[in-house]
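Colleague: I would like to learn how to read a model like this one, feature by feature. Could you take me through the general idea each time, and then the case at hand?

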Amino acid sequence: MDETPLTPQGSSRRGFLLGGATAGAAAVIAAGRRMAVADDTSQEMGGVLAAELSPYGPNQRVLLNEPSRATAMISFDVIATGRKQLSDLFAVISDRVKVLAAGESVAVSDPSRPPADNGVLGPSFAGNQVGVLIGVGASLFDHRFGLAARKPVGLKPMRTFPNDNLDPAICHGDLSVQFTAATPDVVTHALRDLTKHTRGAMQPRWRVDGFTSPPRPDGAPRNLLGFKDGTSNPSTTDTGTLDRLIWTKDGGSFQVVRIIRNLVEFWDRVSLQEQELMIGRRRDDGSPLDADGELTAPDYARDPQGLIIPTDAHIRLANPRTPRTEATRILRRSWNYDLGLDSNGQLNQGTLFTCYQQDIERQFEAVQTRLIDEPLTDYISPVGGGYFSVLPGLADRNDTYAKALLS
Amino acid sequence: MIVIICLIGLAVLAGLYAAPGRSPTAASSAVARSPDPGPLAVSSRGCLPGITDLRSGRSTLRIRNTGNSPEEVQILDDTHTYDYADLELVAPGTTRELIVVLPPGRFGASCEADDGTIGYSDPFQVTGPAVGGVHRWIPATLTDLGNAVTNYRTSVTAGLKQLASDTDALQAATDGQDRAMIKKRWLTAYLDYEQLGGVYDTFGDYADKINGLPSGLPRGVQDPAFTGFHKIEYLLWHNGSDDQIRAATRLLDRDVHGLVKAFPHQETAPNDVPLRTHEILENTMQLTLTGQDDLGSHSGLATTAANIDGTRMTLKALTPLLQQNDPALLASAEHSLDQLDAVVTSLHRRGGYPALRALSRTQQERLDGTLSGTLESLDPIPTELEVLLTQDNS
Ligand code: HEM
């Protein structure tokens with residue numbers, strides 16, 4: 001089994017995050033189990049080990065992290081023209097990622113210039129606080145840069161599914177950049193820094209900020225429908241699983257972003273039993289309806305007719321847990337978002353859903369296709385997002401993103 | 001007293017370098033390159049006495065004003081031509097950090113007190129390998145900026161003359177019924193004004209009378225204080241009556257002539273010209289490309305083009321100064337304006353500029369993004385050329 005169960009004990013990382021009493025400890029993900037270890041607090045980011053924030057290595061391992069408390073997902077279109085300018089842009093992006101990863105003493109360095117740093121984190125900032133994840137969209141491989149032949153196999157524009165309600169203003173993009181951190185100011189600092197240094201070469205296209213919550217009272221954080229979200233995922237520590245489901249041959253991955261409005265007012269008018277039948281889990285403790293305990297696996301074979309967990313329940317359609325569907329599994333990373341109100345005064349809240357996979361068609365699209373017309377669709381509405389190819393990690397301090405694509 | 005303060009300064013310094021969270025490389029290299037014996041003093045009695053030789057690269061000097069008046073401290077080459085670092089205002093009793101990247105060579109500090117008296121430190125030597133990241137420039141003087149203001153005002157005077165003749169023509173057109181002709185003349189005169197963005201502070205009340213927006217007025221477009229180009233624009237594109245348009249145009253023409261007469265007696269602050277090199281286009285970004293200053297004419301692209309010309313006018317007035325003080329900065333500013341110009345010009349069609357909202361997403365992103373990039377290239381100009389005016393802030 002490559003399941004990643006949550007440790008049910010109070011010592012789980014989520015328990016740590018809830019209480020200030022254990023401050024000083026940071027959490028670590030180890031060998032498929034999460035546990036708290038004593039460590040430097042400055043290393044703690046939403047409960048992941050500092051190493052996972054490093055941009056260096058064959059893969060951008062940042063994507064493996066549990067959802068951080070704060071995030072910003074921003075898509076850009078390149079406005080620079082020509083290959084050379086595109087390489088320059090990737091060099092600047094790589095540079096900023098390295099600076100953000102290392103931290104910097106940022107007292108005014110050149111008095112004949114406005115301050116180099118935005119100061120949001122004070123006069124200096126520590127390294128290892130922010131995760132940055134860089135992806136490229138299919139549109140980057142159009143006629144502009146002569147990259148058509150270099151397009152990663154399997155990268156294409158996000159397709160429209162039957163239950164979608166997509167707003168073109170918040171779909172697609174040449175690049176996706178995600179910042180993750182334990183606090184929103186660290187995210188803002190990085191976002192301001194990267195956009196400042198890339199101005200004139202790429203232009204923001206859309207952006208959604210997200211947050212995750214502390215465990216209530218334990219286990220996976222709750223989404224805005226009140227359910228624990230993130231319970232069941234493939235292992236992020238078993239290299240066999242990662243190679244089978246997540247990484248592509250070149251060390252990249254594919255990122256799917258879906259901005260999914262939650263119709264929370266409507267949802268809150270639905271009986272608890274109906275809510276639970278739609279999801280297939282209990283709202284109170286996240287147990288599958290056929291067992292006790294969030295971490296107990298549902299046993300669909302015992303209930304072929306769906307008398308306990310309906311055959312159209314979200315978790316049953318999404319992961320039927322059969323040998324045939326094993327290869328379709330995805331690594332889900334979801335944040336909540338809150339964009340205020342819509343034009344009718346309804347709360348504009350939802351899920352910033354992301355998932356990672358080796359092959360978008362084999363995995364995300366297969367899962368999403370099984371979910372077409374599931375009962376939950378009445379209460380959620382996909383409004384935006386995109387497909388991106390996650391680039392390999394930076395080999396070292398001299399490396400730049402997309403080097404292989406552009407060479 | 002001073003001794004105690006220095007000791008505290010040392011303790012703070014030690015704490016600072018030991019503080020966790022500071023990048024270890026930055027902190028340790030600062031320590032290694034310039035072992036700091038404590039704050040250097042500045043006052044009427046001396047300019048950084050005891051300043052020692054430094055290693056090339058980045059150094060951090062802590063400077064304490066032990067005197068009674070504010071001081072400005074600069075690190076200069078030994079001919080006192082180039083500035084490498086600048087602490088604009090060290091108030092009495094305060095300690096500030098000056099960070100400078102110096103190449104090998106001979107340098108000195110200058111300390112200028114509030115009353116203009118300048119003291120110089122002993123020269124000091126910087127040794128070590130050549131380093132990157134050195135930035136030097138010739139500081140502007142009040143005389144330099146005064147010359148730029150004079151140049152600039154000469155072109156504004158010419159621009160105002162053109163404006164007055166074009167608002168005369170606009171007013172004349174309102175005697176007839178030809179709305180298309182009135183709109184055309186409105187746009188001509190409006191763009192004249194938009195090229196003069198560099199002196200809106202100088203224009204005083206005339207700026208709002210001539211080019212005010214309805215925002216901030218309690219009754220918005222209906223407010224009696226809403227006058228000038230945008231009022232006329234609003235009337236022209238919202239079926240205003242002939243009488244309303246005539247009245248608003250007459251008022252505008254009167255205000256423009258009032259401004260022409262007043263301008264020679266209005267003062268332009270020395271720092272205004274460098275400031276406007278990016279502020280005109282900051283306004284374009286905030287008000288024009290967002291459509292906020294569009295009261296119906298959809299002339300945002302023509303306005304942007306006029307604002308680019310207005311920015312060039314400010315840069316032209318500063319060209320002799322920048323050519324001498326920081327030619328690389330001048331070149332990058334001109335290059336980025338050319339790029340922006342090319343993007344705007346590429347959107348021009350035979351019938352004129354399309355409305356901003358008619359642009360494709362790609363065109364819009366290119367326009368917004370290029371302007372953003374231009375603003376980043378322009379932003380060093382005011383910082384570099386600014387002269388601190390502690391005495392006279394009028
Ligand atoms: C707003 C939209 C969504 C909501 C509110 C939602 C909610 C949930 C909840 C509460 C769970 C159970 C807890 C867990 O294992 O994490 C879950 C599981 C899951 N969801 Fe979603 N989900 C949403 C969208 C999606 C989408 C778009 C996909 C993929 C196309 C997806 C795929 C899955 C999968 C694969 C599981 C795990 C099933 C298992 O392994 O047992 N979900 N979701």
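**Reading the model**

Modeller: Buried residues make up 47% of the 407 residues in chain A, where a residue is buried if 20 or more other C-beta atoms lie within 10 Å of its own, exposed if 12 or fewer and partly exposed in between, with C-beta atoms placed from the backbone. This is a predicted model, in which local features need pLDDT of at least 70 and side-chain atom pairs count only at pLDDT 80 or more, while totals for chains, interfaces and linings use all residues. Residues are numbered from 1 along each chain as its sequence is written, and chains are lettered from A and ligands numbered from 1 in the order in which they are written.

Colleague: How many helices and strands does chain A have?

Modeller: The secondary structure of chain A comes to 9 helices and 12 strands. Two residues are in contact if their C-beta atoms, placed from the backbone, lie within 7 Å, and of the contacts in chain A with a separation of 6 or more, 73% join residues 24 or more positions apart.

Colleague: How should I read the packing of two helices, for example H2(A) and H3(A)?

Modeller: One starts from axes, which are lines fitted to C-alpha atoms, for helices over the stretch in contact, and from angles that run from 0 to 180 degrees between N-to-C directions. Angles under 35 degrees count as roughly parallel, over 145 as roughly antiparallel, 65 to 115 as roughly perpendicular and the rest as oblique. Helix H2 (residues 83-102) and helix H3 (residues 184-198) of chain A pack at about 150°, with their axes 10 Å apart, and H2(A) and H3(A) are therefore roughly antiparallel.

Colleague: Which residues of H2(A) and H3(A) meet?

Modeller: A:Leu89, A:Val92, A:Ile93, A:Arg96 and A:Leu100 in H2(A) meet A:Ala190, A:Asp193, A:Leu194, A:His197 and A:Thr198 in H3(A). By class, this contact has 6 nonpolar, 2 polar and 2 charged residues, with Ala, Val, Leu, Ile, Met, Phe, Trp, Tyr, Cys and Pro counted as nonpolar, Asp, Glu, Lys and Arg as charged, and the others, Gly among them, as polar.

Colleague: At what angle do H6 and H7 of chain B pack?

Modeller: Helix H6 (residues 229-237) and helix H7 (residues 242-262) of chain B pack at about 165°, with their axes 9 Å apart, which makes H6(B) roughly antiparallel to H7(B). H6(B) passes H7(B) in a left-handed crossing.

Colleague: How many residues surround the ligand?

Modeller: The ligand is surrounded by 26 residues, the closest being A:Phe227, A:Thr231, A:Ser232, A:Ala318 and A:Asn319. The shell around the ligand divides into 12 nonpolar, 9 polar and 5 charged residues.

Colleague: How many residues of chain B are in contact with chain A?

Modeller: Here 24 residues of chain B are in contact with 24 residues of chain A. On the side of chain B that touches chain A, H11(B) gives the largest share, 9 residues.

Key
Helices (H or I, at least four residues) and strands (E, at least two) are DSSP runs, numbered from the N terminus. A residue is near a molecule or strand if its C-beta atom, placed from the backbone, lies within 6 Å of it. A crossing is left-handed if the near helix is turned anticlockwise from the far one by less than a right angle, and right-handed if clockwise.
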